Amino acid sequence: MLIYASRPGFPTPHPFRPATLPDELIQEIDCAFSGLLRGQEPQQRCLWFDEQQRGCRHYEFRPPICREYELGGTACQQRRREERRTINLYNLVHENAPAETSDPVP
Ligand code: SF4
């Protein structure tokens, strides 16, 4: 759902946000994710996953990636592994990056 979050500093919503997405869903998403970058969002469970119903609470508004992959299929699992690797690498690089100075090299 991060993909639909408002982007501080951008004049328009993310291009994948459906034009018909209700305001209350935008507010719910922004409350959970606004200001976060990809990979910074909680990874445990999708915001829209309904534990009791075992399904998507807003299936008609699910993002493109949920439409493109068969749930738990080979391509889905491969993509999840790749995403995890990318996120882990990003976190490793940024945890070990030297602190920025106030006097950058010109
Ligand atoms: S289809 Fe699943 S992963 Fe996609 S938005 Fe719905 S609950 Fe989340």
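These legends describe close-up views of one predicted protein model. Local features need pLDDT of at least 70, side-chain atom pairs count only at pLDDT 80 or more, and totals for chains, interfaces and linings use all residues. Residues are numbered from 1 along each chain as its sequence is written.

View 1. The protein has three helices and two strands. Their order along the sequence is α-β-β-α-α. The radius of gyration is 17 Å, well over the 13 Å that the globule rule gives for 106 residues, so the protein is more spread out than a compact globule. That radius is taken over C-alpha atoms, and the rule is 2.2 Å times the number of residues to the power 0.38. Helices (H or I, at least four residues) and strands (E, at least two) are DSSP runs, numbered from the N terminus. Along the principal axes, the C-alpha atoms fill a box of roughly 55 × 35 × 25 Å.

View 2. Of the 106 residues, 5% count as buried. A residue is buried if 20 or more other C-beta atoms lie within 10 Å of its own, exposed if 12 or fewer, and partly exposed in between; C-beta atoms are placed from the backbone. Two residues are in contact if their C-beta atoms, placed from the backbone, lie within 7 Å. Take the contacts between residues at least 6 apart in sequence: 57% join residues at least 24 apart.

**View 3. Helix α3, residues 74-95**. This helix has 22 residues, which should span 32 Å at 1.5 Å a residue. The expected span is 1.5 Å times one less than the number of residues. The end C-alpha atoms of α3 are 32 Å apart, which agrees.

**View 4. The shell around the ligand.** C46, W48, F49, C56, R62 and C66 surround the ligand. Near means that the C-beta atom, placed from the backbone, lies within 6 Å. The shell holds five nonpolar residues, no polar ones and one charged residue. Ala, Val, Leu, Ile, Met, Phe, Trp, Tyr, Cys and Pro count as nonpolar, Asp, Glu, Lys and Arg as charged, and the others, Gly among them, as polar.

View 5. D50 sits in strand β1. D50 counts as exposed, with 12 C-beta neighbours inside 10 Å. Leaving out residues up to four places away in sequence, D50 touches G55 and R57. R54 lies in the loop between β1 (49-50) and β2 (55-56). R54 is exposed, with 7 other C-beta atoms within 10 Å. Its phi is positive, about 55°, although R54 is not a glycine. Most residues other than glycine have a negative phi.
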